[in-house]
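This report looks at selected strands, backbone features and aromatic contacts of one model. Please keep the sequence and the structure in view while reading.

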Amino acid sequence: MNVRAAAAKVIYQVVDQGQSLSNALPAAQQEIKERDQALLQEICYGVLRWLPRLESITNQLMDKPLKGKQRVFHHLILVGLYQLGYMRIPAHAAVAETVNATKTLKKPQMRGLINAILRNYQRQQATLDEQAVSHDAGRYGHPSWLLKLLKASYPDQLESVVEANNTKAPMWLRVNRQHHTRDAYRALLDEAGIATDLHPEAQDALKLHSPCDVTKLPGFADGWVSVQDAAAQLSVEYLQPQAGELILDCCAAPGGKTAHIMERQPDTRVVAIDCDDHRLKRVHENLQRLKLTAQVMCADARYPEQWWQGEQFDRILLDAPCSATGVIRRHPDIKWLRRADDIAALAELQAEIVDAMWQQLKPGGTMVYATCSITPQENRDQVSAFLRRTADATLMGSELDNPGRQILPGEQDMDGFYYAVMKKSA
């Protein structure tokens with residue numbers, strides 16, 4: 001398939017049909033040549049990062065919008081504009097290949113329209129680009145509701161958060177200390193010509209100067225290392241698993257934190273649950289590659305009586321379902337799939353889960369509440385409300401008036417994440 005046609009279909013599936021980019025993109029990559037897969041990803045990510053700007057330009061260049069069965073060609077125009085405005089592809093090649101995509105999409109009669117619009121953009125590019133950033137959504141590449149939330153929550157950090165969300169995320173590795181220390185594995189990477197940086201807190205983390213295919217990482221197939229953002233790796237630093245303990249990883253898919261617990265402390269019994277059976281396949285795959293064993297169950301954390309009759313847990317890592325507003329740089333579709341009213345619904349679900357899971361924690365046990373969100377409603381406000389209604393819960397390592405730790409996107413080159421550590425009275 002023509003790469004531009006594939007990109008247009010993916011953007012259509014995400015923006016018009018509400019599909020996740022994590023599902024739509026891999027399926028499309030199977031339909032094109034392997035050498036073109038990175039290009040397809042770059043185009044899809046880029047269009048979704050700068051969607052309001054590209055939409056604004058398209059609206060200026062068209063007399064009337066494309067509707068119905070022609071909608072995919074609207075997204076093909078966005079694909080063409082992104083190449084011309086943001087990529088190093090020669091303009092004539094970008095236009096020609098985008099126009100040729102009309103054949104693949106079985107509407108060659110759209111060829112003239114697509115060509116005319118892209119040529120017009122080239123002639124008026126400076127003026128159209130300036131108009132496209134004259135409003136906040138275009139300037140920042142974020143929907144209005146999210147900008148409003150960010151301005152209210154982080155007025156001093158708005159620019160840095162938005163900038164981080166709109167940049168490519170770095171590739172962080174988690175070194176499996178059952179095979180190598182971080183320093184020893186870093187030396188192997190140096191020998192392979194792969195340069196890295198350390199993280200001041202995540203003790204197993206290495207950041208690659210340039211992302212690379214995992215097959216180039218020494219011992220990846222043998223479980224020596226995994227790909228995981230440093231912010232997510234901090235979960236084990238806060239959980240502090242100890243030998244002989246029974247530990248629950250709640251909402252565990254895709255299993256990175258489950259594996260990290262056992263890599264850090266192999267003499268633990270780990271139970272990993274998630275309510276999404278499809279996503280649990282990733283947990284099994286990760287554990288298999290790393291040669292680790294955990295008790296994995298498809299289960300709803302709100303109703304532990306339906307799936308757990310064992311003893312209470314020494315530690316619980318509750319990586320709660322959330323808006324994922326902290327990982328937009330890795331999943332730019334989040335900006336367009338989320339809605340403002342999703343936040344309140346997610347906060348209600350989180351409250352149900354944290355109350356249910358607290359009952360499964362031993363007296364004297366530790367719970368780490370975590371999200372990859374940056375909205376106060378899901379994080380600081382959620383934990384404050386829980387502490388007010390839970391007499392036997394004590395907040396650890398932070399102040400009650402500002403509970404937990406909020407990591408903003410780009411901080412120490414990490415994803416946005418939130419952690420709060422709570423101890424249950426003995």
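Q240 is placed in the loop between α12 (230-239) and β5, in a model that is predicted. The phi of Q240 is near 50°, a positive value in a residue other than glycine, and with a relative accessible area of 38% Q240 is partly exposed. As background, most residues other than glycine have a negative phi, and most peptide bonds are trans.

D413 also carries a positive phi, of about 60°, although D413 is not a glycine. This residue is found in the loop between β11 (405-407) and β12 (417-424), where D413 counts as partly exposed at 28% relative accessibility. A further backbone feature concerns the peptide bond from A253 to P254, which is cis with omega near 5°; P254 has its place in the loop between β5 and α13 (256-264).

## The four-stranded open sheet

Four strands form an open sheet in the order β2-β3-β1-β4, and their pairing is antiparallel. The edges are taken by β2 (196-198) and β4 (225-227), each of which has a single partner strand, so that one side of each is left without a neighbour in the sheet. From one strand to the next, the twist averages 35°.

Within this sheet, β2 pairs with strand β3 (residues 205-208) in the antiparallel sense, over three bridges.

Why is strand β8 described as largely enclosed by the rest of the structure? Seven of the seven residues of β8 (residues 313-319) are buried, and therefore the strand is largely enclosed; the cut-off behind this reasoning is that buried means under 20% relative accessible area.

Strand β5 (residues 246-250) is joined to β8 by four bridges, and the two run parallel; in this pairing, D249 has L317 of β8 as its bridge partner. Six bridges join β8 to strand β9 (residues 361-371), again with the strands running parallel, and F313 stands opposite L361 in β9. In general terms, strands of a sheet pair through backbone hydrogen bonds, either parallel or antiparallel.

## Aromatic pairs and a charge over a ring

The structure holds seven aromatic pairs. In one of them, the rings of Y238 and Y419 have their centres 4.9 Å apart and their planes at 35°, so the pair is tilted. Y238 counts as partly exposed at 25% relative accessibility, whereas Y419, at 1% relative accessibility, counts as buried.

Y419 also takes part in a pair with F417: the ring centres are 5.3 Å apart and the planes lie at 25°, so this pair is stacked. The reasoning rests on the rule that planes under 30 degrees apart count as stacked, and both F417 and Y419 are buried. Elsewhere, W50, Y82 and Y86 form one aromatic cluster, and R289 lies over the face of F220, at 4.0 Å from the ring centre.

Methods
Residues numbered from 1 in each chain as written. Predicted model: local features only at pLDDT ≥ 70, side-chain atom pairs only at ≥ 80, totals over all residues. Heavy atoms only, no water. Pairing = 2+ DSSP bridges. Axes fitted to C-alpha atoms, helices over the stretch in contact; angles between N-to-C directions. Buried < 20%, exposed > 50% of the residue type's maximum accessible area, 1.4 Å probe, protein only. Phe/Tyr/Trp six-rings, centres within 6.5 Å; stacked < 30°, edge-to-face > 60°. Lys NZ or Arg CZ within 6 Å of the ring centre and 35° of its normal.
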